[in-house]
Amino acid sequence: MKNTDKNFLKERTLIDDYLKNNLPTTTKYGQSLLDSMKYSLLSNGKRIRPILFLRVVRAANIDQEKFLSFAGAIEAMHCYTLIHDDLPLIDDDDLRRGKPTNHKLFGDATALLAGDALLSLCFEFAAQPLPIEPKLQLMMIKKLACLGGSKGLVVGQQVDIEAEKMTNQATNSDILEFIHHHKTGALILASIETAAIATKVSAKTSQILNNLAYYLGLHFQITDDILEFISSEDIIGKDTFSDRKNSKLTYPKLYGIDLAKKKSQNCFNKIIKLFNSLPAQYHDLLDIINYMSNRQR
Ligand code: GRG
């Protein structure tokens, strides 16, 4: 295990245990739905979004273990998007996290339903009592619902699909930034903003965290585009030809690989500048920021 991975071991174990212990495992009929949900939820994910959430909570000197249900909610939403994204009617991918995609094992219909059920499970987890004022928890749930829906990741996915059919002249940096900010950035933003709501951060800190989340989401997806372009399936654990097969609008496609790398570095510089302007208690965000930037998968 790499050193960087060790820094996240405790949080990953807490998150994995929460998910394991709270996922429905048996039903009188329809067992394959639960098996399909479990297959994706408990596979080898990096758990980046719930870790971001927990670290912002921890910065307020609050016991992160009391917030595992919300961290689990964020991961359940993320896993549903991965299952749906891989389906033949979206990206049609065969490999995810180094294993066959959900629909390859369980079939398209079960995978679709498992994704739906994970989205519902997300809100079941999000509604578990937290040690904060109920009105704050309602605000967190509303934020997650907004950024997870037609104002966030689903519209990002829609534009991603529409951009596949646009000619080169019609595609531009504005559309690309919209896709990345919504499809990928929205859930990263939700992870940070919901923690900011729970911990009642000041307006100034909230603004910095918000900007940091914006660039973190953008940087994460540019990195993803680049990795898919230059890496191998063994390392990233997913199809490396998927974007090109689907004529996806990506940073390497629009700008070329060198400029895409430069833009990624510019984003990272902005993230570090924002991080440095946060109060000192947010220091634990730095190694997850670095991990997201240097990741190989
Ligand atoms: C209703 C069909 C339908 C779609 C809903 C699926 C969807 C909307 C949006 C897709 C969002 C998506 C999959 C964005 C890609 C984001 C991304 C880079 C995911 C990979 O995240 P990692 O690297 O994955 O954190 P792990 O495997 O570590 O969890």
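Predicted model: local features only at pLDDT ≥ 70, side-chain atom pairs only at ≥ 80, totals over all residues.
**View 1. Helix α4 and the elements that cover it.** Helix α4 has twelve residues and spans 17 Å from its first C-alpha to its last, close to the 16 Å expected at 1.5 Å a residue. Eleven of those twelve residues are buried, so α4 is largely enclosed by the rest of the structure. After α4 comes Asn61, which has a positive phi, near 65 degrees.

View 2. Is Ile192 buried or exposed? Ile192 is buried: 23 other C-beta atoms lie within 10 Å, and the cut-off for a buried residue is 20 or more. Setting aside neighbours within four places in sequence, Ile192 is in contact with Leu52, Val56, Leu209 and Ala213. For a sense of scale, Ile192 and Ala117 are 75 residues apart along the chain, and their C-alpha atoms are separated by 24 Å.

**View 3. The shell around the ligand.** Here we turn to the 17 residues around the ligand, of which Gly45, Lys46, His84, Asp85 and Gln157 come nearest. By type, the shell holds five nonpolar, seven polar and five charged residues. Which helices each supply at least two residues of the shell? They are α5, α9 (153-164), α10 (173-198) and α11 (203-230). Helix α5 gives the largest share, with five residues.

**View 4. Helix α5, end to end.** The helix that gives the largest share of the ligand shell runs over residues 68-86. Its 19 residues reach 27 Å from the first C-alpha to the last, close to the 27 Å expected at 1.5 Å a residue. Of these 19 residues, 17 are buried, so α5 is largely enclosed by the rest of the structure.

View 5. Phe8 is partly exposed, with 19 other C-beta atoms within 10 Å. Phe8 and Lys46 are 38 residues apart in sequence, and their C-alpha atoms are 9.1 Å apart in space. Lys46 is one of the residues that come nearest the ligand. Next, look for Arg47 in the loop between α3 (31-41) and α4 (48-59). Although Arg47 is not a glycine, its phi is positive, at about 60 degrees. Arg47 is buried, with 22 other C-beta atoms within 10 Å.

**View 6. Arg97 between two strands.** Another positive phi turns up at Arg97, a residue other than glycine, with a value near 50 degrees. Arg97 sits in the loop between β1 (95-96) and β2 (99-100). Around Arg97 there are 16 other C-beta atoms within 10 Å, and this residue is partly exposed.

**View 7. Helices α11 and α16 side by side.** The axes of α11 and α16 (residues 285-294) are 9 Å apart, and the two helices pack at an angle of about 30 degrees. That makes α11 roughly parallel to α16. On the α11 side, Leu216, His219, Phe220 and Thr223 meet Ile289, Met292 and Ser293 of α16. The residues of this contact divide into four nonpolar, three polar and no charged.

**View 8. Ile257 in helix α15.** Our last stop is Ile257, which lies in helix α15 (residues 257-276). Which residues does Ile257 touch, not counting those up to four places away in sequence? They are Ile226, Phe229, Ile230 and Pro252. From Ile257 to Phe229 the distance is 8.2 Å, C-alpha to C-alpha, with the two 28 residues apart in sequence. Ile257 is partly exposed, with 14 other C-beta atoms within 10 Å.

Technical notes:
Residues numbered from 1 in each chain as written. Helix = DSSP H or I, 4+ residues; strand = E, 2+ residues; numbered from the N terminus. Expected span 1.5 Å × (residues − 1). Near = placed C-beta within 6 Å. Nonpolar A, V, L, I, M, F, W, Y, C, P; charged D, E, K, R; others polar. Axes fitted to C-alpha atoms, helices over the stretch in contact; angles between N-to-C directions. Parallel < 35°, antiparallel > 145°, perpendicular 65-115°, else oblique. Contact = placed C-beta atoms within 7 Å.
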